[in-house]
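These are my notes from a first reading of the structure shown below.

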Amino acid sequence: MLKFTERIESGVFGTIYTLENGVELFPNEWNGEVYIVKENGMERSFKPVQEPISFDDDGEVLQWEIIGFEEV
């Protein structure tokens, strides 16, 4: 898993992540499942890794937090 070194909340445009390998993930690269980054004529895909951060009274997850990304 690649952790992000920086997360910039850019208001209406979404969140920009900078990964520990230097790759930047921009909101317009998100397809609903993965970020697709085009570099040097090739595509690389990064899927968010999430963990639950809050639960309801029945133990169901209410909110998730992105803790890193996996290249797929």
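**Entry 1: the sheet.** I began with a definition: two strands count as paired if DSSP finds at least two bridges between them. The model I consulted is a predicted one. In it I found an open sheet of three strands, ordered β1-β2-β3, with antiparallel pairing. I noted that β1 (4-9) and β3 (24-25) each have a single partner strand and stand at the edges, so one side of each is left without a neighbour in the sheet.

**Entry 2: β1 and β2.** I looked up how β1 is joined to β2 (residues 15-19) and recorded five bridges between these antiparallel strands. For E6, I found the bridge partner T18 in β2.

**Entry 3: the core.** I listed the largest nonpolar core, which has ten residues: L2, Y17, L19, V23, L25, Y35, V37, F46, I66 and F69.

**Entry 4: Y35.** Y35 is a member of that core. Setting aside neighbours within four places in sequence, I found Y35 in contact with several residues, among them Y17, L25, F46 and F69. Its contacts also include T15, P27, W30 and R44.

**Entry 5: E39.** I placed E39 in strand β4. Is E39 buried, exposed or partly exposed? I recorded a relative accessible area of 30%, which means that E39 is partly exposed. Beyond four places in sequence, I found E39 in contact with V23 and R44. The side chains of E39 and R44 are joined by a polar contact of 2.9 Å. Finally, I noted that E39 and T15 are 24 residues apart in sequence and, C-alpha to C-alpha, 20 Å apart in space.

Conventions. Residues are numbered from 1 along each chain as its sequence is written. This is a predicted model: local features need pLDDT of at least 70, side-chain atom pairs count only at pLDDT 80 or more; totals for chains, interfaces and linings use all residues. Side-chain values use heavy atoms; hydrogens and water are left out. Helices (H or I, at least four residues) and strands (E, at least two) are DSSP runs, numbered from the N terminus. A nonpolar core is a set of buried Ala, Val, Leu, Ile, Met, Phe, Trp, Tyr and Cys residues joined through side-chain atoms within 4.5 Å. Buried means under 20% relative accessible area, exposed over 50%, partly exposed in between (1.4 Å probe, protein chains only). Contact means heavy atoms within 4.5 Å. A polar contact is a pair of N or O atoms within 3.5 Å; within protein, one must be able to donate a hydrogen and the other to accept it, and residues adjacent in sequence count only if both atoms are side-chain atoms.
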